[in-house]
Amino acid sequence: MPPMLQFETLPPSFATLLQTLGPCFTAPTFRTFAVLVAGMIAQPGRHTVTGMLTAAGLAGVWHHAKAHWFFSRARWCADALGMAVLAVIVEQLLPADAAMLIAVDDTLFRRSGRKVYATGWWHDGAATSKRRDATGWGNRWVIAAVVLWLPFTDRPVALPVAFALCTKTGPTPQVLAGRLVTRIAAAYPHRQIDVVADAWYASAAGPAGATVGKTRQRAFPPGVTLTSRLRANACLNAIAQPIPGARGRPRRIGTRLGKPADLAATATFTPTTVRRYGRTDTIHIAQITRLWYGAYRSQAIRVILIRDPDSKTSTGYDLALVTTDLTSHPEHIVARYAARWSIEVMIEDAKQTTGVGQARNRTPTAVTRTVPFGLITQSLTVCWYTLHGHHPDLATQRRAAAPWYTTKTQPAYHDMIIKLRRTLITARFRADKPRKPTHDEILAVHPAWAEAAA
């Protein structure tokens, strides 16, 4: 890495953003944190711990053990750091009266070696195999991200703020997801919180008595809603109606109604206009309030069946949603669930662009910190770009550099991190720096500027 990437100072806008996280660290540890965050952003190659140190221009200046010490032994908490980032997001990017939308998902960060902490064979949703039970060896993480609509894009963006590492002997992903949501809800008790997740978490908000084993520890805070995809084999019942004069305990469930396909056969669908996936669609929606006794016992839930106008499905619906939100309009529920896709995009960007999961740590403390550190770096990048880095001409410049993107009108995360990388490079040569750049450093600017877009 050229010597011009030694970060003697950071850009004031980015330094100010990092300074809000200072209370999470001691003074020496915060300096290491700031350098490693800048190094992870500036590194276009492998994002190992020493790769971050090299990109920060400190290879040979700091001993590499100092960077490893930050992850394995320094005094800081990834959970507290995530909540501090959440506070920045809520203050700077989320309207004061808006509900907070949280997307929850889990993903596998592949690792090699049997001495790496908490590794195992886990389901890998990103595997290229056609087998439904495709697995991989690595660390499985449950992630909770705040979903936002930024002013320069018509698609939602997910910013990760809470994380939990799965272990074979520990709590299940549903339990961990509930704990992450509870942590966020405790920090903002007066704000409405809505959660969206895929079908794996469809019953995560159900009572403990509706499941067995370690999943009985699952719990969602009161007032927090969950919207997910309804399983095709879910057995639904009508809400029990009290029988006047009948003795004994009232019935807990009503008549068995069958599976979602059975509901679709008798449901009344209404044409509705919905804004989702960056476009406006007209779809047919049917909503039914029922019981899903196997997951929620006697708690009423709402089933929303979605069918495209030109659908030829044999089940009578294209998508079935289940939600504990009994009051919102159905088109809002559909748009809310569609926003869940932003966490899938975020995970892809984290692995392919930010480089999360590429560090080769093995010890328990280091493993439980390195992935959250990378995901927090990604959230900070989006925050900085939204507050300080966006320019309307960015998409035009991108199309000029890559003319095959003929329809690109909005920045992607890749554009955001490139902008911040180049800002970090520019800060090395500010006019107010006490030392003028050398001839070799000036010549190094051009390849480093081009490499920043790698």
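**Close-up views of a predicted model**

View 1. In strand β10, the bridge partner of threonine 270 is isoleucine 285. Threonine 273 has threonine 282 of β10 as its bridge partner. The model is predicted, so local features need pLDDT of at least 70, side-chain atom pairs count only at pLDDT 80 or more, and totals for chains, interfaces and linings use all residues. Residues are numbered from 1 along each chain as its sequence is written, and side-chain values use heavy atoms, with hydrogens and water left out. β9 (residues 270-276) and β10 (residues 279-291) run antiparallel and are joined by seven bridges. Strands (E, at least two residues) and helices (H or I, at least four) are DSSP runs, numbered from the N terminus. Two strands pair if DSSP finds at least two bridges between them. Two residues lie between β9 and β10 in the hairpin. Tyrosine 277, in the turn, has a positive phi of about 55 degrees.

**View 2. From β10 to β11.** β10 is also joined to strand β11 (residues 300-307), by eight bridges. These two strands run antiparallel. Glutamine 287 stands opposite isoleucine 304 of β11.

View 3. Three cavities of 30 Å³ or more turn up in a search of the whole structure. A cavity is a set of points, on a 1 Å grid over the protein atoms alone, where a 1.4 Å probe fits but cannot get out; lining residues have an atom within 4 Å of a point. Volume is the space filled by probe spheres set on the points, with grid points joined across faces, edges and corners. The largest cavity holds about 80 Å³. Among its lining residues are Phe109, Arg111, Trp141, Gln358 and Thr370. β3 (135-148) and α11 (364-389) each supply at least two lining residues. The largest share, three residues, comes from α11. The lining has five nonpolar, five polar and one charged residue. Here Ala, Val, Leu, Ile, Met, Phe, Trp, Tyr, Cys and Pro count as nonpolar, Asp, Glu, Lys and Arg as charged, and the others, Gly among them, as polar.

**View 4. Two domains.** Domain 1 covers 7-76 + 391-453, and domain 2 covers 78-353. These bounds come from an automatic or database domain assignment. The domain centres, taken over C-alpha atoms, are separated by 35 Å. In contact (heavy atoms within 4.5 Å) are 15 residues of domain 1 and 11 residues of domain 2.

View 5. The chain averages a pLDDT (the predictor's confidence in each residue, from 0 to 100) of 89. Of the residues, 91% score at least 70. Over residues 1-7, pLDDT stays under 50. For residues 1-7 the model has 28 contacts beyond four places in sequence.

Terms used. On a 1 Å grid over the protein atoms alone, a cavity is a set of points where a 1.4 Å probe fits but cannot get out, and a pocket is an open set with protein on both sides within 12 Å along at least five of seven lines; lining residues have an atom within 4 Å of a point.
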